[in-house]
Amino acid sequence: MKLEGKVALVTGSARGIGRAVVDKLAAEGVRLVINDVDPQPAEEAASELRGGGTEVAVCAGDVTATDFADRFISTAIDSFGGVDLIINNAGYTWDGVIQKMSDEQFDAMLEVHLKAPFRILRAAAGPLREAARREAAEGRIVRRKVVNVSSVAGIWGNAGQVNYATAKAGITGMTKTLAREWGRYQVNVNAVAFGLIGTRMTQGVGPEGARMEIGGRALPAGIPQSARQAIESQIPFGRAGTPEEAAGAVYLFCIPESDYVSGQVLLVTGGQ
Ligand SMILES: NC(=O)c1ccc[n+]([C@@H]2O[C@H](COP(=O)([O-])OP(=O)(O)OC[C@H]3O[C@@H](n4cnc5c(N)ncnc54)[C@H](O)[C@@H]3O)[C@@H](O)[C@H]2O)c1
């Protein structure tokens, strides 16, 4: 157990990649603060994890709420006494070509994929600095890790996703900047940019489509079956990644073997 006793905060961890991340970290002995905008699956995930012996606190709610970041960090400190790993994962897509995209649609992606991680990391800055100072005074170094979840849309661009791609590209700037600001606090800041991973977000849907509700809006979920097949045909491995494979890449940035790696964006694409 490489991460035994560490405290991890993972947004959007009731399903999909976030859920696979908390399962992976739990198996390594990590104590967890899980979050999701949907409280019921978050509670279900928590009770399953507790059943397996993991200590779990739930901080349900929308990461874009202005009071969320303070609540999230406080939950970790009040429940477990600190913060070791922060995984900014929560998100969704709301696609459209630019000429049909409203300001609301553009802003929604910046809020969830960029501003929410910014607020969470800003709220964590004080506790991370204090912990590093205290440990330095004791002659100890304890490494802490941030992993921001990005997308190849933010690296390569993606037609129909100017809002999402812009926000995910911003994650690169945030990651590289905080890697510089927080080196002195012994905090590694990296990002993973996923290609196609098989989750609710990318499920193949028929002509009738599928819907999901986020922030009081009913939005299309998934991508047309034909588009999904076209994307898969471009992937050298010939298939989407699984949430567990995605979680494996997040895990690489959490373990001690990556202690000297910071400011990096790892493409997780099945070789694409
Ligand atoms: N699936 C992919 O192919 C893919 C590719 C690149 C990047 N990503 C990124 O991975 C992350 C996870 O996506 P996923 O594929 O697991 O999708 P998912 O829909 O399966 O899971 C996302 C989770 O985040 C939650 N969530 C969404 N908005 C939230 C909010 N405002 N506050 C709190 N929770 C919220 C959802 O309820 C859901 O449980 C996202 O940031 C996404 O952009 C996914």
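This report describes strands, nonpolar cores, selected residues and salt bridges in the structure shown above.

## Basis of the description

The structure is a predicted model, in which local features need pLDDT of at least 70 and side-chain atom pairs count only at pLDDT 80 or more, while totals for chains, interfaces and linings use all residues. Residues are numbered from 1 along each chain as its sequence is written, and side-chain values use heavy atoms, with hydrogens and water left out.

Helices (H or I, at least four residues) and strands (E, at least two) are DSSP runs, numbered from the N terminus. Two strands are said to pair if DSSP finds at least two bridges between them.

Strand 6 (187-194) is mostly covered, as eight of its eight residues are buried. Buried here means under 20% relative accessible area, exposed means over 50%, and partly exposed lies in between (1.4 Å probe, protein chains only). In a regular strand the side chains alternate between the two faces of the sheet. In strand 6, V187, V189, A191 and A193 point one way, and N188, N190, V192 and F194 point the other way.

Strand 6 pairs in the parallel sense with strand 5 (residues 144-151) over eight bridges. Within strand 6, V192 stands opposite V149. Strand 6 also pairs in the parallel sense with strand 11, over four bridges. There, A193 has L267 of strand 11 as its bridge partner.

## The hairpin of strands 8 and 9

Strand 8 (residues 210-214) and strand 9 (residues 217-221) pair in the antiparallel sense over five bridges. A210 has its bridge partner in strand 9, namely A221. The two strands form a hairpin with two residues between them, and G215 in the turn has a positive phi of about 60°.

## Nonpolar cores and a surface patch

In soluble globular proteins, nonpolar side chains tend to be buried together. A nonpolar core is defined here as a set of buried Ala, Val, Leu, Ile, Met, Phe, Trp, Tyr and Cys residues joined through side-chain atoms within 4.5 Å. The largest such core has 45 residues, and L9, V33, I86, Y92 and W182 have the most contacts inside it. Among the elements that each supply at least two residues of this core are strand 1 (7-10), helix 3 (68-80), helix 6 (162-182) and strand 6. Helix 4 gives the most to this core, with 11 residues.

Contact means heavy atoms within 4.5 Å. Leaving aside neighbours within four places in sequence, V33 is in contact with A8, L9, V10, A57, C59, F72, T75, A76 and F80. A second, separate core of 32 residues includes V10, A46, L85 and V250.

L267 is found in strand 11 (residues 265-268) and is partly exposed, with a relative accessible area of 36%.

Q105 has its place in helix 4 and counts as buried at 6% relative accessibility. Apart from neighbours within four places in sequence, Q105 is in contact with W94, D95, G96, K100 and N163.

K145 lies in strand 5 and counts as buried at 3% relative accessibility. K145 and N190 are 45 residues apart in sequence and 7.9 Å apart in space, C-alpha to C-alpha. Not counting residues up to four places away in sequence, K145 touches several residues, including D84, L85, I86, N188 and D259.

## Salt bridges

A salt bridge is a side-chain nitrogen of Lys or Arg within 4 Å of a carboxyl oxygen of Asp or Glu. By this rule the model has 12 salt bridges. One of them joins the side chains of R144 and E135 (2.8 Å, N to O); R144 is buried at 7% relative accessibility, and E135 is buried at 5%. Another joins E138 and R140 (2.9 Å, N to O); E138 is partly exposed at 47%, and R140 is partly exposed at 43%.

The side chains of K145 and D259 also meet in a salt bridge (2.8 Å, N to O). K145 lies in strand 5 and D259 in the loop between helix 8 (243-252) and strand 11, so this pair ties together parts that are 114 residues apart in sequence. D259 is partly exposed, with a relative accessible area of 28%. Salt bridges that share partners join R19, D23 and E48 into one network.
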